[in-house]
Structure formats: structure tokens, C-alpha cells
Amino acid sequence: MNTILIGAQWGDEGKGKIIDVLTEKCDYVVRYQGGANAGHTVQFGDQEFVLHLVPSGVLHAGKRCVIGNGVVIDPEALFGEIDALKKRGVRVDGRLFISEQAHLIMPYHKLIDSFQEESRHGRKIGTTKRGIGPCYADKIARLGIRVGDLMDLRIFEDRLRYVLSEKNRVLTRIYGRPALAFGKVYKDFCAWRRRMKPFVVDTIVFLNEAVRQKKKILFEGAQGTLLDVDHGTYPYVTSSNATAGGAITGTGVAPTHIGEIVGVVKAYTTRVGEGPFPTEFGPELMEKIRTKGEEFGATTGRPRRCGWFDAVVVRHAVCVNGLNSIAVTKLDVLDELPVIKIATAYRCGGKIYDHLPSNVRVLEKCRPVYEDHPGWQEDITGVKRYRDLPSNAKKYLARLSRILKTPISIISVGAERTQTIFVR
Ligand code: GDP
Ligand code: IMO
Ligand code: MG
């Protein structure tokens with residue numbers, strides 16, 4: 001059965017860890033959207049890996065990893081990551097496949113991402129400055145350069161000359177910065193081309209052949225539902241479809257081939273960057289949970305904003321992704337708390353919302369309606385079976401499942417591979 005795994009909050013839910021655990025039962029792990037803005041952490045033994053573009057299944061020898069057509073690829077980031085993996089004994093040769101339809105992140109995308117953020121006084125999004133937004137904007141505007149274009153140098157040269165002349169007008173006239181020299185960009189990309197070539201295939205044909213052979217495919221979502229450009233807290237979102245639909249358009253594998261959709265949630269909520277966050281903690285709990293949960297960005301190192309579990313947000317994710325089940329991570333981070341809150345609805349201007357308001361200005365004014373649950377106040381990081389969890393932890397999970405009308409299939413009680421409980 002093919003599985004899509006998505007983030008059901010604002011990203012960093014622990015997708016990397018769950019992907020790593022599920023990879024054992026799969027043949028292919030496929031990234032379908034986003035780029036090196038993602039930071040997926042996998043921990044086992046005394047080793048920790050943070051994956052940005054390479055699918056998190058790569059740490060299981062022999063599994064095939066695919067970067068699908070919906071991903072935006074920065075070759076510098078990609079080969080930096082591949083080299084770092086190789087130094088640590090993880091090889092990708094022969095088992096990494098890159099889509100010829102994926103768009104390339106060019107140097108001007110990264111520059112424009114930074115300059116745009118700098119000029120958004122009071123309206124910053126807090127992007128990762130990896131060039132994601134400008135690259136997807138060019139894809140939609142039909143000004144993009146794809147991996148396949150780079151593979152044919154005549155096409156690449158022609159395309160780069162045309163696009164770069166336009167981008168240089170933006171850099172010089174709008175942002176007052178120096179233009180990029182064609183020769184330098186061309187030469188750099190010729191070098192990336194040589195390295196990339198052995199990995200490039202038509203991933204749409206490749207993946208559909210895997211489907212035909214009944215191989216098991218795991219689609220690795222990046223970011224999270226609330227960062228989805230259509231279903232998230234727009235404009236405080238990323239520029240791709242991080243929801244389940246993105247796995248379809250971002251790989252060319254049809255929806256009829258998907259067996260299961262799993263959403264990953266933290267037992268609380270975090271978000272990096274700007275934008276509304278109704279259940280955000282006050283300073284004291286913020287400090288406590290940020291420290292205990294080590295809530296610092298895996299890509300940018302920025303401190304993550306933390307808050308209570310927001311069932312309105314996750315109900316929205318259940319709905320727009322059609323989640324079959326939920327994986328709850330970082331339950332252990334709540335171990336010491338005497339009381340744990342869940343937001344079940346919002347209150348705004350005398351009105352109660354049990355769904356996510358689509359207007360971000362309304363969402364900014366929403367106040368959560370909480371219910372309180374007694375904590376378990378014991379260390380659960382060594383628990384291996386559901387039935388051995390403290391009774392209050394089981395009650396908390398049962399309540400989440402009931403509010404979300406969705407079963408919980410996995411519980412994570414630590415960052416380590418082995419700290420994972422499968423619920424039957
Ligand atoms: P992703 O972007 O969704 O893959 O999540 P990140 O890797 O950015 O952030 C999740 C962080 O939580 C990483 O540092 C993980 O190692 C860690 N983590 C994952 N699951 C658990 C868990 O159950 N308990 C604890 N304490 N840490 C976890
Ligand atoms: P993973 O896959 C958390 C956030 C940024 C910013 C907004 C737009 O590790 O869960 P972008 O650079 O994408 O244009 O930034 O999206 N963001 C993430 N937040 N986890 C991520 O990825 C994120 N990727 C982007 O902080 O608010
Ligand atoms: Mg992350």
C-alpha cells in the first residue's frame with residue numbers, strides 16, 4: 001500500500017523521524033514539494049542526521065529515494081547534503097533519482113527571497129531565505145528553469161540568457177543591487193550538471209513503473225498543512241502544496257494509487273516564522289517547552305514558537321488531507337506538566353469557531369477555548385507498548401483522537417528510532 005505522510009500543523013512535527021521508522025516497510029521514499037527549506041531530523045544510536053532535500057528514507061541502505069517533479073532543487077544545497085552524507089558513510093549512488101521536471105533554484109531566487117524579506121517592513125513572512133517563494137513564482141509565471149533544461153546545454157544557455165536578463169532588471173532596478181554575470185552562473189551550473197546527470201530520470205515514468213510492480217511507496221511531505229499555499233494561514237505560508245494533493249501533482253502518481261494518508265502532529269504545537277498562532281504560550285511555558293522539546297529550527301536554528309495542542313488546526317488538516325490516521329510525536333515533552341490544555345474551538349467577536357477561519361485577520365483576533373487535562377508527571381521515554389503508558393497519557397491521547405475523529409496509529413516518546421509505539 002502506498003502512503004502519503006504529511007505534517008498536520010505548521011511543520012517540524014517530527015515527519016523525518018516517522019518517515020525513517022516507516023521506511024523499513026517501504027521500497028521507495030519520495031519528496032514531492034518544497035525544497036531545502038525543510039529540515040527533517042532522524043536520530044538513531046548516537047547519530048543525528050538532518051535531511052533537507054534528500055528523502056529521509058536514505059538512511060536505510062538499499063531503499064530508493066526520489067526527488068519528484070514538485071520539488072524545487074538548489075544544486076548547491078543538494079550536493080552539500082550528498083557530500084555530508086557520504087562523509088558519514090551514507091551513499092546515494094544508484095538509489096537517488098531526481099526528476100527532470102523539477103525546477104531549479106537559481107542564485108537570483110535566493111537573492112530575491114532575501115531582498116523581498118528585507119523590504120517587507122512590518123510584513124515579514126520569516127522565510128528560510130532558501131529561494132523557495134521566488135522559484136515557485138517563476139514556475140507558475142513560466143519563467144522557471146527545470147532540471148531537464150540543464151541536461152541540454154543549448155536549451156539551458158538559451159533559457160538562462162532570457163530569464164537572467166529579466167532577473168537582472170529586477171535585481172538592479174527594484175532592489176538597487178548588482179546584476180549577476182551570465183558567464184559565472186552558466187559555469188557554476190555546468191559543474192552542477194555534471195554531478196547531477198547520473199541521478200536524473202523521468203520520475204513520473206519511473207514511479208508509475210514501481211506502482212505497476214506493486215512496490216511500496218512512501219510520500220514524504222515537507223512543511224505542514226498550515227503552511228500550504230492554498231490551505232494554510234496565507235500569506236504566512238510557504239509557496240507549495242504541502243498537503244496530500246501535492247503528492248499527486250508533485251510526482252505524477254495518481255490518487256487512485258494511494259492507500260493511506262497519515263498526518264504527523266506534535267502533542268503540542270510549534271511554528272517558526274511570522275503569522276497567527278492562537279494557542280501560543282506565554283513566556284514561562286514557552287521557555288520550558290522550548291528547552292525540553294529542543295525547539296530550535298533544523299534549517300535556520302531559529303527558536304520555534306510553542307503553544308498548546310490546537311484541535312481546530314488539526315481538524316482542518318484531517319479534513320483537507322483526508323487523514324486515515326495520526327502519528328503523535330513528542331508526547332514525552334509534556335511529561336512534567338501538571339495540567340495540559342487542548343484548544344477545541346476559537347472565540348472571536350462573540351462568535352464561536354469550530355473550524356479554521358480562512359481570513360488571517362480574523363484568525364489573528366481568535367482566542368482559544370480550552371479544556372484542561374491532568375498531566376501524568378512521569379517519564380515516558382522508555383515506554384514501548386501503548387498499554388504501559390500512564391493512564392493520564394492514554395486519556396489525553398484518547399481525547400485527541402475523539403476530538404479529531406481520527407485514530408492514532410503511532411506514538412513517539414523520544415527522538416530515537418526505537419522510541420516509537422505502534423498502536424493496533
Ligand atoms: P520535521 O521537519 O517534521 O521532520 O521535524 P524536525 O526534525 O524539524 O523537528 C522535530 C524534532 O523533534 C527533531 O529534533 C526530532 O529529533 C525531535 N523528535 C521527533 N520525535 C520526537 C519525540 O517523540 N520526542 C522528542 N523529545 N523529540 C522528538
Ligand atoms: P519542515 O519540512 C517549519 C516556514 C518558514 C516561514 C514560511 C515560509 O522541516 O517541517 P519559505 O522559506 O518556505 O518561503 O518560508 O514557512 N517554513 C517552515 N516551518 N518547518 C518547515 O519545514 C518549514 N519550511 C518553511 O519559517 O514561516
Ligand atoms: Mg523541520
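1. Let's start with a charge over a ring: Arg417 lies over the face of Phe44, with 3.8 Å to the ring centre. Bear in mind while reading on that this is a predicted model.

2. There is another contact of this kind at Phe182, where Arg161 sits over the ring face at 3.9 Å from the ring centre. Phe182 also belongs to a cluster: ring pairs link it with Phe156, Tyr186 and Phe189.

3. On to the ring pairs in general. The count comes to 12 aromatic pairs, taking ring centres within 6.5 Å as the criterion. Phe79 and Trp192 make a stacked pair, because their planes are at 5° and the cut-off for stacking is under 30 degrees. Their ring centres are 6.0 Å apart.

4. Where do Phe79 and Trp192 sit in the chain? Phe79 is in helix α2 (residues 75-87) and Trp192 in helix α7 (residues 182-196), so the pair links distant parts of the chain, 113 residues apart. Phe79 itself is buried, with a relative accessible area of 1%.

5. Now for Phe281 and Trp308. Their planes are at 90°, so this pair is edge-to-face, and the ring centres are 4.9 Å apart. Phe281 comes from the loop between β12 (269-271) and α10 (283-292), while Trp308 comes from the loop between β13 (305-307) and β14 (309-310). The pair therefore ties together parts that are 27 residues apart in sequence. Buried or exposed, these two? Both Phe281 and Trp308 are buried.

How values were computed
Residues numbered from 1 in each chain as written. Chains lettered and ligands numbered in written order. Predicted model: local features only at pLDDT ≥ 70, side-chain atom pairs only at ≥ 80, totals over all residues. Heavy atoms only, no water. Phe/Tyr/Trp six-rings, centres within 6.5 Å; stacked < 30°, edge-to-face > 60°. Helix = DSSP H or I, 4+ residues; strand = E, 2+ residues; numbered from the N terminus. Buried < 20%, exposed > 50% of the residue type's maximum accessible area, 1.4 Å probe, protein only. Lys NZ or Arg CZ within 6 Å of the ring centre and 35° of its normal.
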